[in-house]
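Take a look at the model below. Start with the ligand, then turn to the backbone.

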Amino acid sequence: MPFPGPVSESTPALTSSTGETLTGRPIFTDLKPPAPKLSDIEASKRLAAWTAVDRHVLREHKVIGIGSGSTVPYVVERIIAQGREANKDRVFIPTGFQSKELIVSGQLLLGDVDQYPRIDVTIDGADEVDKDLNCIKGGGACHLREKVLAEAADTFVVVADYRKNSDVLGHNYSAGVPVEVAPFAYAKVLQNLHVLGSPKAALRMAVKKAGPVVSDNGNFVIDAPFPEELMLDPYSILTKIKMLTGVVEVGLFCHMAKAAYFGNQDGSVTVKWNDGRIEQVASNGQGDVHAATNGSASH
Ligand SMILES: O=C[C@H](O)[C@H](O)[C@H](O)COP(=O)(O)O
C-alpha cells in the first residue's frame, strides 16, 4: 500500500486550545476526506481517528500501539499519511490479528510488546466510554492484548463515533462486560458472575463456527451484563471479576485513557480529557473547552 498525501516536515509546535501539553512536533496532513463518501457513522469514526492521530502521534514517537475494531483502520490510514519519512524508524505493536494485518498491509514495521514493553502512544477503539473515561472494551474479544498495550503506553487514547459516548457504561453497549476466561474454567466463572450480580452472563458463541468464540489467545469470552447501579462503579466490578480464578482479563478499562475522541454527525469532534474537561473541536479545527459538570458529557 502506498504512503498517500504530502506531509509537511517543518511544522511548528502545536499549542492545544485545551491547554493540553502537545510539546512535540505534530505532523500535519491533508484533512480533506478522500472519495468515496462515507456514511455518517464511518465519517465520524474517521474524524475521531484522524484528529487523535494528528494530536497524539508526534514526530518523536517511535513505538506506537495499534488497537482493534472498526475505527482503528482510520488510525492506521492517518499514520500512513504522515509519510515514509515519519514512519521509517517507527515500530507498531498490534493488539491482535486485525491490527497486525493493518500494520503489515500498510507496510509499517511490526513489533511486539515483549520486545517493546514501553510504548509511546497507543490508540484504540472502545465499545462505550463513560463520563470518567472508563471504557467497556472487548466486543471483538481483543481486550487482553489491548489492556496490556494501554498499560504499557505513556499515553493511551480512545477513538470512537458518537454512539460510544455515554455517561454510564451499559447505557449504549448492552451486551455486557467482556470477560476472557481460560476455557476449562468457563462454567465455574459463569456461576461466579451470576452470583456477582450478572444473572444473564453467558458464553459468547461464534457466528460462523459451531461453538464458542475463541480469542487470539486461545481463550473463551463471557459477556456479563450488570445492572446500572453496579455499572456506576465500574472499578469495583472490575476488581471483583478479576479476582475470580480462571479469569484472564476483564473488558473494563478504568483510569487508563488520557483522552477519548468522539466523531459527531455534524463533523465536529468531542474530546473528553481525563481531568474532566470536555473539548468541542469544530470541523474547522478550532477547539472550545469547558469543564464537565453533572455528568453531561454525552453528545
Ligand atoms: O475487542 C475489541 C476492541 O475492544 C474494540 O476496540 C471495541 O470492540 C470497539 O470496536 P468497534 O470500534 O468496532 O466498535
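Predicted model: local features only at pLDDT ≥ 70, side-chain atom pairs only at ≥ 80, totals over all residues.

Begin at the ligand. There are 16 residues around the ligand. Those that come nearest are S68, S70, D127, E146 and K164. By class, the shell holds three nonpolar, eight polar and five charged residues.

Now follow the oxygen atoms of the ligand. The side chain of S70 places an N or O atom 2.8 Å from a ligand oxygen. S70 is also among the residues that come nearest to the ligand. For the side chain of K137, the distance from an N or O atom to an oxygen of the ligand is 3.0 Å. G139 takes part through its backbone: an N or O atom there lies 3.4 Å from a ligand oxygen. How much of the ligand does the protein bury? Taken alone, the ligand exposes 370 Å², and the protein buries 88% of that.

Leave the ligand and turn to the backbone. Q107 is not a glycine, yet its phi is positive, about 55 degrees. Q107 sits in the loop that runs between α4 (97-105) and β3 (119-124). Is Q107 buried, partly exposed or exposed? Its relative accessibility is 45%, so Q107 counts as partly exposed.

L133 is the other residue to check. Its phi is near 70 degrees, again a positive value in a residue other than glycine. L133 belongs to the loop between β4 (128-129) and β5 (135-136). Buried means under 20% relative accessible area. L133 has 2%, so it is buried.

Note on methods:
Residues numbered from 1 in each chain as written. Heavy atoms only, no water. Near = heavy atom within 4 Å. Polar contact = N/O pair within 3.5 Å; in protein donor to acceptor, adjacent residues only side chain to side chain. Areas by Shrake-Rupley, 256 points an atom, 1.4 Å probe, with all protein chains shown as cover. Nonpolar A, V, L, I, M, F, W, Y, C, P; charged D, E, K, R; others polar. Helix = DSSP H or I, 4+ residues; strand = E, 2+ residues; numbered from the N terminus. Buried < 20%, exposed > 50% of the residue type's maximum accessible area, 1.4 Å probe, protein only.
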